[in-house]
Amino acid sequence: MTIHIGAAPGDIAETVLMPGDPYRARWAADTFLDAPRLVNEVRGMLGFTGTWRGNPVTIHGSGMGMPSLSIYANELIRDYGAKTLIRIGSCGGMQESVGIRDVILAMTSSSLSTPSRGIFRELNFAPSADWGLLKAAHDAAVAKGTTVHVGGIYSSDVFYDERPDLNEQMTRHGILGVEMEAAELYTLAARHGRRALAVLTVSDHLITGEALPSEDREKSFGDMVEIALEAAFT
Ligand code: HPA
């Protein structure tokens, strides 16, 4: 047990999928895992452990934003020994070439700041995905016929953004999409020698204003879970 995770030692698998939404964690565990069991519900942040094709897997919510993700990822890594952490979430598209429903695999993530900012001081650390996971996820996405993009994303601290000029600069520099968690996940994985990846579905678009219809969200989320599981065990 840790401050924010009530799981017993050994209740968390070495492979952890992290959706932002705890109810998505429940849906993914019920839909894709064999014999899923609830291992955490502290503060309503649900975590489930089961197996996928015989491999132990935990699906645990991260909450929204890097401070929340940082709490859970730190405890999962340092106290429970998580070795592979894959964020599965949504993002806003930032390029014309990126469409709603497309999947983005984040090779790296830019940010104004992360919870790790303080330790780097004047250094701009470049958080990056694990190459093996990234390659395996790309292969899995292509095999499923999913439209997939690989490149840089932007981990923002705000959803309701008062600085549209920053988004314009990100778009100008080829950033594919915006979300709120990946940069800190990659930084923590680097610090502790773990593997991390963010698999993201484009749920809304900053340039076109389009949004994923609610009836399509479950299917898109399911595709991401499958891509993440395939990548983890390739
Ligand atoms: N901004 C930040 N995070 C997001 C967005 C967005 O537009 N869409 C999905 N996650």
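**Notebook: the ligand site**

A polar contact is a pair of N or O atoms within 3.5 Å.

I noted that this is a predicted model, in which local features need pLDDT of at least 70, side-chain atom pairs count only at pLDDT 80 or more, and totals for chains, interfaces and linings use all residues. Residues are numbered from 1 along each chain as its sequence is written, and side-chain values use heavy atoms, with hydrogens and water left out.

I then found a ligand nitrogen 3.3 Å from a polar backbone atom of Gly 92. Taken alone, the ligand exposes 260 Å², of which the protein buries 87% (Shrake-Rupley method, 1.4 Å probe).

I listed the residues around the ligand (a heavy atom within 4 Å); among them are Ser 90, Cys 91, Phe 159 and Glu 179. Strand 5 gives the largest share of this shell, three residues (strands are DSSP runs of E, at least two residues, numbered from the N terminus).

Glu 179 lies in strand 8 and Arg 87 in strand 5, so the pair ties together parts 92 residues apart in sequence. I recorded eleven salt bridges in the structure.

Terms used. Polar contact = N/O pair within 3.5 Å; in protein donor to acceptor, adjacent residues only side chain to side chain. Helix = DSSP H or I, 4+ residues; strand = E, 2+ residues; numbered from the N terminus. Salt bridge = Lys/Arg side-chain N within 4 Å of Asp/Glu carboxyl O.
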